[in-house]
Amino acid sequence: KWCSHPIEDKPEVLDLAARAGAWYVYQAVFDTSDYIRDRIKRYHDYGIGVEGTVLLGLDRHTEDDIKRLVDFLLEIELDLAEFTVLTPFPHTRAFDELKAEGRIFSYDWNEYSADKVVFYPKHMSPERLEQLLQYAWDAFYRDEPQEIKMFNLFQRVIRKEVADNTFRPRDRSLARRAFGRNL
């Protein structure tokens, strides 16, 4: 079984990927569009889970946009999410543009960790963006902690492998002890 970055969005490719053992993909989720909604649904239709990588702090993001995005992720039943804030790493267009605009306030490279804001966002304070990053994590994982969401995804993979008879007898025994007899 394997995971990957996005798979080409064609039914025949998704079918082949699912049959070849794709169990989840990393998918950038950049807005609340029907494109993203449909893409996640298609992955799910083929039994492929989705971990959304979600970048916060783009110039178009307001506080309401970020809150709507988190609600959207819950609505489309994204399996997992990883939230980060825009980090203008050196030698990138974001770094060059933000530096030219005088919006970078920290050049302490230890702060360039994707969970700390090192620039002035367009529609909020740096502190507010950091609070919204924490809000995104807390809101998305409020009802099911990250570990439980990952466990549920893994359990679906194990069930699929058991149904496909791709488990060796020892693996099947271990899985049943871990997940219960109803595998």
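Before we start clicking, one term: a residue is called exposed when its relative accessible area is over 50%, and buried when that area is under 20%. Keep in mind too that this is a predicted model.

**The whole chain.** Start with a cartoon view of the protein chain. You'll find seven helices and four strands, and from the N terminus on they run β-α-β-α-β-α-β-α-α-α-α. Of the chain's 183 residues, 39% count as buried.

**Helix α1.** Now select residues 11–19, which make up helix α1, and show the side chains of L14, A17 and A18: these are its buried residues. Look down the helix axis and they fall within an arc of 100°, so they line one face of α1. What do they pack against? Colour β1 (2–4), β2, α2 (34–45) and α6 (146–163), and you have the partners of the buried residues of α1. Step just past α1 and stop at G21, which has a positive phi of about 105°.

**Strand β2.** Move on to residues 22–28, strand β2, and pick out Q27. Is Q27 buried or exposed? Its relative accessibility is 5%, so Q27 counts as buried. Show the side chain of R39 as well: a polar contact of 3.0 Å links it to the side chain of Q27.

Key
Residues numbered from 1 in each chain as written. Predicted model: local features only at pLDDT ≥ 70, side-chain atom pairs only at ≥ 80, totals over all residues. Heavy atoms only, no water. Helix = DSSP H or I, 4+ residues; strand = E, 2+ residues; numbered from the N terminus. Buried < 20%, exposed > 50% of the residue type's maximum accessible area, 1.4 Å probe, protein only. Polar contact = N/O pair within 3.5 Å; in protein donor to acceptor, adjacent residues only side chain to side chain. Arc of directions from axis to C-beta. Contact = heavy atoms within 4.5 Å.
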